[in-house]
Amino acid sequence: MTCGQRGSNLREYVSRNPPGATFFLCLLTLALSFIVLSSYSNSHTLPNPDIAQDWNTLLSSLSQFYLCVKENASSPVHAFPISLLRTTQEKDQKTSVNTTRPLSSVTVLYLRVPLTVTSSSPGAMLKDIGLSTTLTAHQLNLGDKDLVNLTFEISSEDSKHICLSISAPTYILPMTLLPPECSTSETNISSVPVEVTNQLPASSQTCYSLYFKNDPALTVMLTLEEQSVAVRHLVEVSVCLLGICLILSLAASLKNAAAYRDYLKGQDFQSEPLIES
């Protein structure tokens, strides 16, 4: 059987079997899609899908809230010196290593994060000030009812970054790829207690907004080995699907050819003259 005959038989089979043709086209489209995806994955760096939470998602969750100064806040409190925060962090890391119950350990981090703070009050000072608040892990999409203590320290030296002091149970914090630590300083920054809201209040209460732009440096990417494994699996699946498509094409062509031969035999039998008795 020539290739032209096989092509003709295949076209006739497709015209007579729309469901089978649709299934074939779906498999072929899926195989081609996997080939394109493997080519893209081979030439681009991809984020790790096994990391559900990173610092981009945490900071993005933070930027959804407004930080409003509490109306009953009579005077600002003083934040911990940075040296004390670092000492607390080192002690907590030692405790988390030696403890037999890691879920109860608390980690204190003091990090330089890409957050921009703006105020709803035009005359509000946005330099050398700290905003302290407490959220639940559920509000940050990190867990359930665990408490997360936060202090946003705004400095006049950098308008695109702030120092974030975060204290939370170790097991809910994304520890895979941390932002850089804030530089050490012995300066005490006055901290104002604020409350978290989803909308700006109607009163003349001073509120602060957080703006965040996704930072690629905080996204956990696949390693070269992991990426090569993913590309190899995509190629293997594509080859299997193309093989299935080839088998279906040959089967449809041969089946239609057999049916056509049976049809011709029937026509020849009907055209034979009757033998007179």
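User: How many residues of helix H3 are buried?

Analyst: This model is predicted. An α-helix has 3.6 residues a turn, so residues three or four places apart point the same way. Helix H3 (residues 55–62) is mostly covered, with 6 of its 8 residues buried. The buried residues are Trp55, Asn56, Leu58, Leu59, Ser61 and Leu62.

User: What covers the buried residues of H3?

Analyst: The cover includes strands S3, S4 (115–119), S6, S7 and S9.

User: Which residues have the most contacts inside the largest nonpolar core?

Analyst: That core has 33 residues, and those with the most contacts inside it are Trp55, Leu59, Leu62, Leu131, Leu150, Phe152 and Leu164. Trp55, Leu59 and Leu62 are also among the buried residues of H3. Leu150 shows how such a residue is surrounded: beyond four places in sequence, it touches Leu62, Leu131, Ser132, Thr133, Leu135, Leu164, Ser165 and Ile166.

User: Where does Thr219 lie, and which residues does it contact?

Analyst: Thr219 is in the loop between strand S9 (207–212) and helix H5 (224–271). Its relative accessible area is 18%, and because buried means under 20%, Thr219 counts as buried. Its side chain makes a polar contact of 2.8 Å with the side chain of Asn56. Apart from neighbours within four places in sequence, Thr219 is in contact with Pro47, Asp54, Asn56, Leu177 and Asn214.

User: Is Thr107 buried or exposed?

Analyst: Thr107, found in strand S3 (residues 106–113), is buried, with a relative accessible area of 4%. The side chain of Thr107 makes a polar contact with the side chain of Thr170, at 2.6 Å.

User: What is the phi of Asn141?

Analyst: Most residues other than glycine have a negative phi. Asn141 has a positive phi of about 60° although it is not a glycine. Asn141 lies in the loop between strand S5 (129–136) and strand S6 (147–154), and is partly exposed, with a relative accessible area of 49%.

User: Which residues does the "transmembrane region" annotation cover?

Analyst: The annotation comes from an unreviewed UniProt entry and covers residues 21–40. In the model, that span is 100% helix and 0% strand, and its end C-alpha atoms lie 29 Å apart.

User: How many helices and strands are there in the chain?

Analyst: The chain has 5 helices and 9 strands, in the sequence order α-α-α-β-β-α-β-β-β-β-β-β-β-α. Among contacts with a separation of 6 or more, 81% join residues 24 or more positions apart. Of the 277 residues, 31% count as buried. The accessible surface comes to about 17500 Å², of which 58% belongs to carbon and sulfur atoms.

User: Where is confidence lowest, and where is it highest?

Analyst: Confidence is lowest in helix H4 (residues 82–98), at a mean pLDDT of 45, and highest in strand S7 (residues 162–169), at 92. Over residues 92–103 the pLDDT is below 50, and this stretch has 8 contacts beyond near neighbours in sequence. The pLDDT also stays under 50 over residues 74–90, for which the model has 32 contacts beyond four places in sequence. Across the chain, the average is 77, and 71% of the residues score at least 70.

Conventions: Residues are numbered from 1 along each chain as its sequence is written. This is a predicted model: local features need pLDDT of at least 70, side-chain atom pairs count only at pLDDT 80 or more; totals for chains, interfaces and linings use all residues. Side-chain values use heavy atoms; hydrogens and water are left out. UniProt positions are given in the numbering used here, feature names are shortened, and annotations may be inferred rather than shown by experiment. Helices (H or I, at least four residues) and strands (E, at least two) are DSSP runs, numbered from the N terminus. A nonpolar core is a set of buried Ala, Val, Leu, Ile, Met, Phe, Trp, Tyr and Cys residues joined through side-chain atoms within 4.5 Å. Buried means under 20% relative accessible area, exposed over 50%, partly exposed in between (1.4 Å probe, protein chains only). Contact means heavy atoms within 4.5 Å. A polar contact is a pair of N or O atoms within 3.5 Å; within protein, one must be able to donate a hydrogen and the other to accept it, and residues adjacent in sequence count only if both atoms are side-chain atoms. pLDDT is the predictor's confidence in each residue, from 0 to 100. Accessible areas come from the Shrake-Rupley method with a 1.4 Å probe; for residues, only the protein chains shown count as cover.
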